[in-house]
Structure formats: C-alpha cells, structure tokens
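I opened the model and kept notes as I went. Each entry records what I looked up and what came back.

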Amino acid sequence: MGNQSYGYGLNIFLFSFTRFITELGSGVYKFALALYIADVTGSSAAFATVLGFSYLPGVLINIFAGAYIDRHNKKKIMVVTELLSGALVLLFLLFFLQFPTNLWLFVGYAFVISTIQAFTYLALQASIPELVDEERVGSMNSIYQAISAILNVAGPLVGAVAYGLVGMEMILLIDGLSFIGAGIMQMFLRFRKTEVVQETTQSYIETIKEVFQYIREQVVIKYLFLIFLVLNFIFPPLMYVGLLHIAYRVEKVSMEQFSFIQSSWFIGIIIGAAIVSMKKVSKYVENKIFLLIQVQGILLMTWIFPIFVPETSNASWIITGVFVGILLVSAIFNSMGNIPIFTFVQLNTPEHLRASMFGVVGTFTGVAVPFGIWLYGILLEAVYWPYLLLASGAVIFVIALIAHLNKQVSQYFKKKEEQVVATDKSA
C-alpha cells in the first residue's frame, strides 16, 4: 500500500511540475510573440492571424488524434510528443535567427506545434485515471485547472519582463528546453496497470461513430457534453470580447481597472479548484453539477449591473469592484462545475474510448469558441448588450435546469450517492 501511495505521489508531482514548466514556457512565448509582432509589423491583425492558426489543429485533427491515442501506448505518446515539441521549438529558433520578420514562419510553427500538443493534451486527459486511484482523479483535474489559471495570470507578466530582458531568442530556447525536460521526466510516470494496446479491426471512422453512439446512450454524459459546448460557446467569447466591450468601451474603465477585472476570473478558478480538490467537497458537488451551472447562468445575468450605476467620479471604480466580485464568485462556481465534469467523463468512459471522447469534445469546443467569438462580436455591435447577457444567462440556466429535472439523471446520481454512503459506512 505504501509503495502504491508513493507511486501516486510521484505521479502527481511529475504531472504537476511538467505541466507547469511547459505551460509557463508556452504562455511566456505567446505573450512575448504578441509584443514582438506588434513591434515588427505594428499590426494586431498579424498576431490574430498567427493565433488563429493555433486553433485550427483542434478543429481538424482532435477526433482522429483521440482515436489514434486509444489504440496506442499513452505514456509513449506523451513522452514522444513533448520531445518532438522541444525539438520543433529549437528548430524554429534556428529559422527565426535567419528570418526574424517572416510572418508565415510563425504561422507554420503555430500550426505544427499546436498539432503535436493536441496529441499531448488528449493523452494526458485520457491517462489521468491511470496515474492515480479513483479518489484522486478529481484532485489531479483540480491541479491541472489551477496551474492553467495561475499561468494565465503569471504568463503575460513573466512574458513582458522576459521579452524586455532576454528577447525572443532566449525565450524560445527556454521554451524548447522545458518541453524536452518535461518529456524526460514523464518517462518516470507510473501507470496503475501496464498499458495493453488493444488490437482492433475498427477503422478510425468506426471508432468515432462508437464514441457518438456512447454519448447518445449515456444520458448523463449526453447532457454534460451539451452543457460543456454551450458554456464554451458563451463564456470564452464573453470573457475575450464581451468584457472588453462592456467594461472598457462602454463603461470606460481604465486599462489598469480592466486588468483587475480579468485577473479576478483566474483567481476565482484557482480558489474553486482548491475547494473542489477536497475529498468531502468533491463527493458533495458530484451530483450538484447541474445546480452549479444554473448558478453560473444567474451570475452571468448580473453582469448587467453597470446600467444601474449612477454616473459619478467613482463610477468606474464601483463598476470595477462589482465586476471583480461577480467574476470571482462566477469563476469559483465555474471551476467547481467543470472539474467534476471532466472527472465524471474520465471515470465513466470506457478506457478504449477515453481519448476519443476528449478528441470529440476538443473538436466541437475548437469550433464553438472561435464561432462564439465571431458571433458575439457581431451581436455586441447590433444588440443592446444587457439583452445579450440576459439571454445568454437564461440559455445556460434553462439547459442546466432541464438536465437537473431529467428523471434518468436524478435517479443515476441518487443511486451513486447511495453507493458512496454505503461505502463510507462500511469503511
């Protein structure tokens, strides 16, 4: 038992540390790249072009990447893709030194590195249930989400400092070495059971069809899949486009105040991840997922509060403070809802379909986010923004309410809760 716990502890450390160094390196590079392209071209559209190509692999290959990963050794895929990413960054560095102002070099690099990292991400998500026991899966997901949130705050800050002090060349070198270091460290991950690569005569298309069939047959997963898509269609666009329009353009908060507002979301994600990582809390919220999402819908509707704030000298600070509070609470509930969703899918999807499931989710999310950004960008110019917020919050609330009231869903969670109580009593 002691050796097994030691293995879990080592896995948690290796998983957390490798995610931290690679995501920090990538976050620093991405922010420094924005500054570099702005300096070289003076065009924000140029950076948008490069960024857009980093989203494409998620739309184009995630489904097939997931099916591939389910047929092969996940640990090897994680190690090889991290080492490949490191080698690609160092190769890109050599080309960058020769052609520092070639925009298409950045575009090609963004597309290829995102393609390789799509395999890494899916292999990681599918491997989590095999790296720790069932009770620790939620904690691993909490750690992952907390790391991402921390680096969303720290990445731009470190990127700005690093860009000024050491320049793009050194940032690329460190980024490449971080990937290589992560790949080497992941060789020491210990899976709970030896991975057996299942022989199959199914084509990739047949595997993908099996995933969709599984989603249709599993009523809880079907609702979770639908809600996850809706949340990704609404929340990222409102965070990237909506907040900028409402707080910065309409309500005229300063850039400093706007940074406080945005940072509060990521701080809330970290707090929520810490809360839901507690064993008692994670057990309690598992059957409250749909209620947590309903609360998020209600909180989104409260974003309309600036229309009630009188125009005074401190109005911008009042708006900033209230937005910080709302986003902080919203992000806590968002984190407490999203992490159990991922954990539920990981634990309840058959192992031979797990990566394919996340591939399907990644593909649809890859479509939902940019399409949502495009649509909300148009609607914010055409529709009075409070109406848009009320409608968006209502959509989230109604879909989550329908799922919550579904008899099959409620009976499933009731049965699961009874099993947990029985297990606790026997222990």
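This is a predicted model: local features need pLDDT of at least 70, side-chain atom pairs count only at pLDDT 80 or more; totals for chains, interfaces and linings use all residues.

**Entry 1: helix 3.** I listed its buried residues: Asn62, Ile63, Ala65, Gly66, Ala67, Ile69 and Asp70. The helix runs over residues 62-70 and is mostly covered, with 7 of its 9 residues buried.

**Entry 2: the whole chain.** The secondary structure has 16 helices and 0 strands. The chain has 427 residues, and 48% of them count as buried. I noted an accessible surface of about 20,000 Å² for the chain, with 68% of that area belonging to carbon and sulfur atoms. Then I checked contact range. Taking contacts between residues at least 6 apart in sequence, I found that 87% join residues at least 24 apart.

**Entry 3: salt bridges.** How many salt bridges does the count come to? I got 3 salt bridges.

I took arginine 19 and glutamate 82 to begin with. Their closest N and O atoms are 2.2 Å apart, and the two residues form a salt bridge. The pair links distant parts of the chain: arginine 19 sits in helix 1 (residues 2-41) and glutamate 82 in helix 4 (residues 74-98), 63 residues apart.

Then I turned to glutamate 130 and arginine 354. Their side chains meet in a salt bridge at 3.7 Å, N to O. Glutamate 130 belongs to helix 5 (residues 103-131) and arginine 354 to helix 14, so this pair ties together parts 224 residues apart in sequence. I looked up burial here too. Glutamate 130 is buried, because its relative accessible area is 5%. Arginine 354 is buried as well, with a relative accessible area of 6%.

I also checked arginine 136. Its salt bridge is with aspartate 133, and the closest N and O atoms are 2.8 Å apart. Arginine 136 has 30% relative accessibility, so it counts as partly exposed.

**Entry 4: helices 14 and 15.** I looked up how helix 14 (residues 354-382) packs on helix 15 (residues 385-405). The axes come within 8 Å and cross at roughly 135 degrees. That angle makes helix 14 oblique to helix 15. I then asked which residues meet in helix 14 and helix 15. On the helix 14 side I found Tyr376, Leu379 and Leu380; on the helix 15 side, Trp385, Leu388 and Ser392.

**Entry 5: a nonpolar patch.** I searched the surface for nonpolar side chains. Val161, Leu165, Val166, Met170, Leu173, Ile174 and Leu177 form a patch there, with about 630 Å² of accessible area together. Which helices each supply at least two residues of the patch? Helix 6 (134-165) and helix 7 (167-186) do. Helix 7 gives the largest share, 4 residues. I noted the helix repeat beside this: an α-helix has 3.6 residues a turn, so residues three or four places apart point the same way.

Valine 166 has 43% relative accessibility, so I put it down as partly exposed.

**Entry 6: tyrosine 214.** Tyrosine 214 lies in helix 8 (residues 204-217). Its relative accessibility is 12%, so it counts as buried. What does tyrosine 214 touch, not counting residues up to four places away in sequence? I found Ile221, Asn348, Thr349, Pro350, Leu353 and Met357. I took the C-alpha distance for one of these: tyrosine 214 and proline 350 are 9.5 Å apart in space, and 136 residues apart in sequence.

**Entry 7: threonine 320.** Last, I looked at threonine 320 in helix 13 (residues 315-348). Threonine 320 is buried, because its relative accessibility is 3%. Leaving aside neighbours within four places in sequence, I found threonine 320 in contact with Val253, Gln257, Phe260 and Ile261.

Notes
Residues are numbered from 1 along each chain as its sequence is written. Side-chain values use heavy atoms; hydrogens and water are left out. Patches are made of residues with over 30% relative accessible area and no salt bridge: like charges are joined within 9 Å, nonpolar side chains (Val, Leu, Ile, Met, Phe, Trp, Tyr) within 5 Å. Accessible areas come from the Shrake-Rupley method with a 1.4 Å probe; for residues, only the protein chains shown count as cover. A salt bridge is a side-chain nitrogen of Lys or Arg within 4 Å of a carboxyl oxygen of Asp or Glu. Buried means under 20% relative accessible area, exposed over 50%, partly exposed in between (1.4 Å probe, protein chains only). Contact means heavy atoms within 4.5 Å. Axes are lines fitted to C-alpha atoms, for helices over the stretch in contact, and angles run from 0 to 180 degrees between N-to-C directions. Angles under 35 degrees count as roughly parallel, over 145 as roughly antiparallel, 65 to 115 as roughly perpendicular and the rest as oblique.
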